[in-house]
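Please keep the sequence and the coordinates at hand while reading.

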Amino acid sequence: NIMADEMYDVQKNVGYWIRRNYMNFTKIHNNKLAKYDITISQIGVLVELWIEDGQTQKQIADKMAIMPSTLTGLLDNLASKKFITKREDKSDARIKRIFLTKQGKKFREPSNDVIKEMDSIITADLSEEEKQMIVFWLKKIYQNLIKQDS
């Protein structure tokens, strides 16, 4: 019989708090995006295209660290909402390239407004120095994860 004080305290675990924050962040962000009939996952695809338009499905899936089948669903949704269009690669018809439509390009501004709102929500009680430290530590955690994944 393990005594309670000998049990591992999951609430002292960094991953536990990253996951809890991620889940709450995603829920609130999706609620704020609902008026645009779009989700944070779909925005993730648009962000990749705002950075570099005309990427292949494989490039986007790799950068988002999601399964190609998951991306297919996101792309189908974005295409039906007229945010993106799929075109055959000029040199290889088997490859599909994803391009923003005029509507997809225009949505960057409202999306950025929601992102700024979310940032002000999650950093409401933090000093500028504390914000910079959190970004610093989260980047370090990200680098640790990337090292494991390669």
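In what order do the three strands form the open sheet, and is the pairing parallel or antiparallel? In this predicted model, the strands follow one another in the order E1-E3-E2, and the pairing is antiparallel. Strand E1, which covers residues 55–56, and strand E2, which covers residues 84–88, are the edge strands, each pairing on one side only.

**The sheet and its pairing**

Strand E3 comprises residues 96–100 and is joined to E1 by two bridges, the two strands running antiparallel. Between E2 and E3 there are five bridges, and here too the strands run antiparallel. As a general point, the strands of a sheet pair through backbone hydrogen bonds, in either a parallel or an antiparallel manner.

Thr56, which has its place in strand E1, has Arg97 as its bridge partner in E3. Once its neighbours within four places in sequence are left aside, Thr56 is in contact with Ile95, Lys96 and Arg97. Is Thr56 buried or exposed? Thr56 counts as buried because its relative accessibility is 13%, which lies under the 20% cut-off.

Helix H4, which spans residues 68–80, lies across E2 and E3 and runs at about 115 degrees to E2.

**Loops with positive phi**

Two loop residues deserve a check of their backbone torsions. Ala65 lies in the loop between helix H3, residues 57–64, and H4, and its phi is near 55 degrees, a positive value in a residue other than glycine. Lys82 is found in the loop between H4 and E2, where its phi is near 65 degrees, again a positive value in a residue other than glycine.

**The surface**

Which residues form a nonpolar patch on the surface? The patch consists of Val14, Ile18, Ile134 and Leu138, which together have about 330 Å² of accessible area. Helix H1, residues 14–33, and helix H7, residues 128–149, each supply at least two residues of this patch. Val14 is found in helix H1, and Val14 counts as exposed because its relative accessibility is 52%, a value over the 50% cut-off.

Lys147 lies in helix H7. The C-alpha atom of Lys147 is separated by 24 Å from that of Thr56, and these two residues are 91 residues apart along the chain. Lys147 is classed as exposed because its relative accessible area is 58%, whereas Thr56, at 13%, counts as buried.

| Residue | Relative accessible area |
|---|---|
| Val14 | 52% |
| Ala65 | 68% |
| Lys82 | 55% |
| Lys147 | 58% |

Notes:
Residues are numbered from 1 along each chain as its sequence is written. This is a predicted model: local features need pLDDT of at least 70, side-chain atom pairs count only at pLDDT 80 or more; totals for chains, interfaces and linings use all residues. Side-chain values use heavy atoms; hydrogens and water are left out. Two strands pair if DSSP finds at least two bridges between them. Helices (H or I, at least four residues) and strands (E, at least two) are DSSP runs, numbered from the N terminus. Contact means heavy atoms within 4.5 Å. Axes are lines fitted to C-alpha atoms, for helices over the stretch in contact, and angles run from 0 to 180 degrees between N-to-C directions. Patches are made of residues with over 30% relative accessible area and no salt bridge: like charges are joined within 9 Å, nonpolar side chains (Val, Leu, Ile, Met, Phe, Trp, Tyr) within 5 Å. Accessible areas come from the Shrake-Rupley method with a 1.4 Å probe; for residues, only the protein chains shown count as cover. A salt bridge is a side-chain nitrogen of Lys or Arg within 4 Å of a carboxyl oxygen of Asp or Glu. Buried means under 20% relative accessible area, exposed over 50%, partly exposed in between (1.4 Å probe, protein chains only).
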